[in-house]
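Could you show me around this protein, one selection at a time? I have the structure open in my viewer and would like to know what to click on next.

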Amino acid sequence: MKKTVAMLFVAVLCITALACGCSPGYDKSPAEYKNIRWISYDYSFCIKPDDDCKGFYTFNDKKYNIKVTFDGSTLTATDTDKNKELFNADWMYEKGANDKETLYIHNIAFNKSDYKEMENNLAEYVTLKQDKV
């Protein structure tokens, strides 16, 4: 009887974990915002939703023109000049100043095979604020 109850409990936990997922769902993707740009506090990373999520990423004084695509809770930044993936990451919202959402990009994985200079890039996360366009 104890084994049956324990197995039932484990099954319920597994089903709950699958149903809830690992990351929260949001009503609005960062790509759906209008009249803003997502920009880092040091101005090294920018995404413009009104311009098909094009923007830039700067590392070691080199600027990469990028286009970001959001798929669920993940994103991919593609270098538009070379048409290669620059990095992929996870994203979520945080509450920022004036209760505006900030975009928190984390678990950043750089494409180090095509971009050797990214081997020295230790960025694991970045926060982007909303900036009026």
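Here is a short tour that starts with the whole chain and then visits single residues.

**Stop 1: the whole chain**

Before you click, keep in mind that this is a predicted model. Follow the chain along the sequence and the pattern reads α-β-β-β-β-β-β-β-β. The helix covers residues 2-20. If you colour by accessibility instead, 32% of the 133 residues count as buried. Among contacts between residues at least 6 apart in sequence, 37% join residues at least 24 apart.

**Stop 2: the barrel**

Now select the strands. In what order do the 8 strands close into a barrel? The order is 1-2-3-4-5-6-7-8, and the pairing is antiparallel. Neighbouring strands of this sheet are turned by 30° against each other on average, ignoring direction. As a reminder, strands of a sheet pair through backbone hydrogen bonds, either parallel or antiparallel.

For a look at one pair, select residues 101-110 and 125-132, which are strand 7 and strand 8. These two strands pair in the antiparallel sense over 4 bridges. Click on His 106 and you will find Tyr 125 of strand 8 standing opposite.

**Stop 3: the nonpolar core**

Next, show side chains for Phe 45, Ile 47, Tyr 57, Phe 87, Leu 103 and Ile 105. The largest nonpolar core has 27 residues, and these six touch the most other members. Two or more core residues come from each of strand 1, strand 2, strand 3, strand 4, strand 5, strand 6, strand 7 and strand 8. Which strand gives the most to this core? That is strand 6, with 5 residues.

Stay with Phe 45 and display its surroundings. Leaving aside neighbours within four places in sequence, Phe 45 is in contact with residues including Trp 38, Phe 56, Tyr 57, Phe 87, Ile 105 and Leu 128.

**Stop 4**

Select Cys 46 and Cys 53. Are they buried or exposed? Cys 46 counts as buried because its relative accessibility is 0%. Cys 53, at 5% relative accessibility, also counts as buried. How many disulfides does the structure hold? The number is 0.

**Stop 5: Glu 32**

Move to Glu 32, in the loop between helix 1 and strand 1. Its relative accessibility is 44%, so Glu 32 counts as partly exposed. Zoom in on the side chain of Glu 32, which reaches the backbone nitrogen of Ser 29 at 2.6 Å.

**Stop 6: two asparagines with positive phi**

Most residues other than glycine have a negative phi. With that in mind, select Asn 60, in the loop between strand 3 and strand 4. Its phi is near 50°, a positive value. Asn 60 counts as exposed because its relative accessibility is 61%. Now click on Asn 107, which is found in strand 7. Its phi is near 55°, which is positive too.

**Stop 7: the loop between strand 7 and strand 8**

Asn 111 is found in the loop between strand 7 and strand 8. With a relative accessible area of 14%, Asn 111 is below the 20% limit and therefore buried. Not counting residues up to four places away in sequence, Asn 111 touches Glu 85, Leu 86 and Phe 87. You have already met Phe 87 among the core residues that touch the most other members.

Asn 121 also lies in the loop between strand 7 and strand 8. Its relative accessibility is 6%, so Asn 121 counts as buried. What does the side chain of Asn 121 make a polar contact with? The partner is the side chain of Tyr 57, at 2.9 Å. A polar atom of the Asn 121 side chain also lies 3.0 Å from the backbone nitrogen of Ala 123. To end the tour, show the contacts of Asn 121 beyond its neighbours within four places in sequence: Tyr 57, Phe 59 and Phe 110.

Notes
Residues numbered from 1 in each chain as written. Predicted model: local features only at pLDDT ≥ 70, side-chain atom pairs only at ≥ 80, totals over all residues. Heavy atoms only, no water. Disulfide = S-S within 2.5 Å. Buried < 20%, exposed > 50% of the residue type's maximum accessible area, 1.4 Å probe, protein only. Pairing = 2+ DSSP bridges. Axes fitted to C-alpha atoms, helices over the stretch in contact; angles between N-to-C directions. Polar contact = N/O pair within 3.5 Å; in protein donor to acceptor, adjacent residues only side chain to side chain. Core = buried A, V, L, I, M, F, W, Y, C linked by side-chain atoms within 4.5 Å. Contact = heavy atoms within 4.5 Å.
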